[in-house]
Amino acid sequence: MRFVIQRTTGARVTVDGETTGEIEKGLVILVGVTHDDEQADIDYLVNKTINLRIFSAVDGTSGFDLSLLDVSGSVLLISQFTLFADTRKGRRPGFTASAPGDVASPIFDDVAKSFEDAGVGVQLGVFGAMMNVELVNEGPATFLLDSTDRHRSRRRG
């Protein structure tokens, strides 16, 4: 599972001209699901995301002092199967590494529930729909989290 996280002061998603989700201060999170993702991947990424110190202190002295929980921020979750696109061959991306909709949709729902269970306000795009996402990327600050990182050794060089 992959999250592309963008720190925002405001964001919204629309489908067919109708707003389906909107937040103020918080994170826009593009969520990519692959075939073997499970609850442990969700738990790792949600815990990492809510505790990642990527917000500015109230006095603005530093850009990376506070977490999403510290600033009482919300998340706008957008399903994004293209996060697992394979662009190594040819000119058209391949998407075989992305989980099919019938697998990815319930996992995406579980991601939303995990954020809610952690006390974070959650707004959503519409799974599988053509969406327009608007945001003010504060900083800009964008981060990539991948659940495979939880398997990597923490060796120090």
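A nonpolar core is a set of buried Ala, Val, Leu, Ile, Met, Phe, Trp, Tyr and Cys residues joined through side-chain atoms within 4.5 Å; buried means under 20% relative accessible area with a 1.4 Å probe, protein chains only. The model is predicted: local features need pLDDT of at least 70 and side-chain atom pairs pLDDT 80 or more, whereas totals for chains, interfaces and linings use all residues. Residues are numbered from 1 along each chain, and side-chain values use heavy atoms, without hydrogens or water.

The largest nonpolar core holds 29 residues. Met1, Phe3, Leu27, Ile29, Val75, Leu77 and Phe115 touch the most other members. Two or more residues each come from β1 (2–15), β3 (26–32), α1, β4 (74–79) and α2. Helices (H or I, at least four residues) and strands (E, at least two) are DSSP runs, numbered from the N terminus. Helix α2 gives the largest share, 6 residues.

Phe3 is in contact (heavy atoms within 4.5 Å) with Ile29, Leu30, Val31, Leu45, Val46, Thr49, Val111, Phe115, Phe143, Leu144 and Leu145, neighbours within four places in sequence being left aside. Another core, of 11 residues, lies apart from the largest one. Its members include Val15, Leu30, Leu76 and Ile78.

Helices α1 (residues 39–51) and α2 (residues 101–117) have axes that come within 10 Å and cross at roughly 40°. Axes are lines fitted to C-alpha atoms over the stretch in contact, and angles run from 0 to 180 degrees between N-to-C directions. Helix α1 contributes Gln39, Ile42, Asp43, Val46, Thr49 and Ile50 to the contact. Helix α2 contributes Ile107, Asp110, Val111, Ser114 and Phe115.

Notes: Buried means under 20% relative accessible area, exposed over 50%, partly exposed in between (1.4 Å probe, protein chains only).
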